[in-house]
Amino acid sequence: MSDIAVASTPFEPGSAAPEGTIPLCVPEIHGNEWKYVKECLDSNWVSSAGPFVNRFERAVADYVKTRYAVATVNGTAALHVALLVAGIQPNDEVLVPALTFVAPVNAVRYAGAWPVFIDAEPDYWQMDPRKVADFLAKECRWSGKLINKSTGRQVKAILPVHILGHPVDMEPIIEVARRFELTVIEDATESLGARYQGQCVGRLGDLACFSFNGNKIITTGGGGMITTESSTLAERARYLTTQAKDNPVEYVHNEIGYNYRLTNVQAAIGCAQMEVLDEYVARKREILSKYREAFRGLRGIKTQAEAPGCLSICWLSTITIDASQPGPDSRQFMKHLAEQGIQSRPLWHPIATLPPYRDCQSYQVEVAQVLYRDALSLPSSVGLTEADQARVIDVVQAYAQSDLMEARV
Ligand SMILES: *Cc1c(COP(=O)(O)O)cnc(C)c1O
């Protein structure tokens with residue numbers, strides 16, 4: 001159990017940064033959003049049927065290059081339904097990364113299944129494929145199905161999360177999944193537009209999920225999407241997200257469904273946002289590369305790297321501040337930046353140490369702990385001005401080079 005306290009800052013992380021300060025990541029809306037939303041309102045198509053829902057699904061499917069896309073009310077609902085259509089049942093197990101936002105892990109529990117936490121790799125901070133393979137080979141036994149030796153439960157799926165806009169090394173994960181007949185569900189919620197060996201994330205596993213929450217690269221206010229090549233899985237996702245209607249006239253529902261569909265108004269915003277996605281990706285990449293250039297050579301500070309063969313969308317520009325070296329640590333940096341009117345934020349608390357997940361299995365989790373201690377995300381909005389980024393850079397450089405003894409006090 002980690003006892004790192006949550007630092008108090010003038011910003012409540014997650015809430016809006018006050019006027020005159022530089023926020024971590026805010027949406028950018030300057031295209032056809034108004035026009036398309038007005039079309040919805042003028043035409044009375046405001047709910048979960050309407051032309052923009054289909055158009056948005058088509059736009060995402062075409063971009064990612066999957067055959068099917070099913071819009072959902074948010075990314076968490078997309079994950080929940082993806083797990084259900086993958087056949088995940090109560091008491092099954094799903095491999096998840098130790099370092100991620102909590103939503104995919106919660107989704108595993110919504111399906112009644114249990115997470116097994118796998119460490120991050122140290123270079124790009126993604127789920128470690130070597131540890132995935134080791135866990136499956138050494139900790140499980142195969143008898144027509146894969147059984148976790150220590151829990152006796154069946155392992156059914158791997159749920160890699162492309163964190164911070166950077167792809168997971170999927171090839172070895174898919175290979176080991178094929179070997180043990182596991183389903184692969186990508187959590188691509190932070191990474192729409194990222195490429196792995198030239199292919200978009202979202203078409204690498206059996207199913208993938210996206211989010212259009214306000215802090216993601218593009219937004220619909222709230223929204224999500226499931227992508228897949230399988231017509232069977234897509235149809236089933238559509239069925240479960242629309243209340244499992246078997247006969248909509250006679251109200252026949254042969255299964256328990258969900259009201260998880262995206263509305264036409266939200267989809268309208270999404271259609272406009274998809275038009276500028278590539279522009280946003282380019283801007284995010286430019287922001288990270290500027291930070292990387294500016295912080296090169298600063299003692300103890302590293303900027304997230306990009307793996308060969310990968311294109312990261314650099315969702316949140318994130319640095320690590322090595323707490324085992326002299327000088328301020330990540331939480332002192334966060335506090336100092338906040339005092340200068342700059343919002344920053346650590347990565348996620350290791351989920352396996354949180355109350356709902358304390359009794360779940362973790363496999364060799366070490367790197368994720370260090371990243372939780374050391375990582376800090378810096379302002380990364382698509383609309384971040386050059387002047388504001390220069391200010392962030394100045395403050396970081398000055399603080400990193402300030403009197404080390406004094407900074408430690
Ligand atoms: C944002 C996010 C989600 C959930 O998306 P919502 O649309 O907010 O429900 C899931 N997984 C990860 C890794 C995320 O960052």
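How many salt bridges does the structure hold? I began with this count, and I note at the outset that the model is predicted. The structure holds 19 salt bridges.

**Entry 1**

The side chains of D62 and R58 meet in a salt bridge, with 3.2 Å from N to O. I then asked why D62 and R58 are separated by about one helical turn. The two stand four residues apart in helix α2, residues 51–64, and therefore about one turn of the helix lies between D62 and R58.

**Entry 2**

I next traced an open sheet formed by eight strands. I recorded the strand order as β1-β11-β10-β7-β6-β2-β3-β15, and the pairing as mixed. Which strands stand at the edges? They are β1 (68–72) and β15 (361–363). Each has a single partner strand, so one side of each is left without a neighbour in the sheet. On average, I found neighbouring strands of this sheet turned by 25 degrees against each other, direction ignored.

Strand β7, residues 183–187, runs parallel to strand β10, residues 207–211, and three bridges join them. I noted that D187 has C209 of β10 opposite.

I also looked for a helix on the sheet. Helix α3, residues 75–85, packs there and touches β1, β2 (93–97), β7, β10 and β11 (224–228). The direction of α3 makes about 170 degrees with that of β10.

**Entry 3: the sheet of three strands**

I found an open sheet of three strands in the order β9-β8-β13, and its pairing is antiparallel. Here β9 (199–200) and β13 (310–311) stand at the edges. Since each has a single partner strand, one side of each is left without a neighbour in the sheet. Two bridges pair strand β8, residues 195–196, with β13 in the antiparallel sense. For Y196, I recorded C310 in β13 as the bridge partner.

**Entry 4: the second largest pocket**

I turned to open space and looked up the second largest pocket, which holds about 310 Å³. The pocket is lined by 16 residues, and P122, W125, K302, T320 and L371 are the closest to its centre. Which elements give two or more residues to this lining? They are β12 (301–303) and α11 (367–374). Helix α11 supplies the largest share, four residues. By class, I listed seven nonpolar, five polar and four charged residues in the lining of this pocket.

**Entry 5: the cavities**

How many cavities of 30 Å³ or more does the structure hold? I found three.

The largest cavity has a volume of about 80 Å³. Twelve residues line this cavity, and R299, P326, G327, P328 and A400 lie nearest its centre. I sorted the lining of the largest cavity into seven nonpolar, three polar and two charged residues.

The second largest cavity contains about 60 Å³ of space. Its lining has 13 residues, with V26, P27, E28, K216 and I217 nearest the centre. I recorded the classes in the lining of the second largest cavity as seven nonpolar, three polar and three charged.

Note on methods. Residues numbered from 1 in each chain as written. Predicted model: local features only at pLDDT ≥ 70, side-chain atom pairs only at ≥ 80, totals over all residues. Heavy atoms only, no water. 1 Å grid on protein atoms, 1.4 Å probe; cavity = no way out; pocket = protein on both sides within 12 Å on 5 of 7 lines; lining within 4 Å. Points joined across faces, edges and corners; volume = space filled by probe spheres on them. Nonpolar A, V, L, I, M, F, W, Y, C, P; charged D, E, K, R; others polar. Pairing = 2+ DSSP bridges. Axes fitted to C-alpha atoms, helices over the stretch in contact; angles between N-to-C directions. Contact = heavy atoms within 4.5 Å. Salt bridge = Lys/Arg side-chain N within 4 Å of Asp/Glu carboxyl O.
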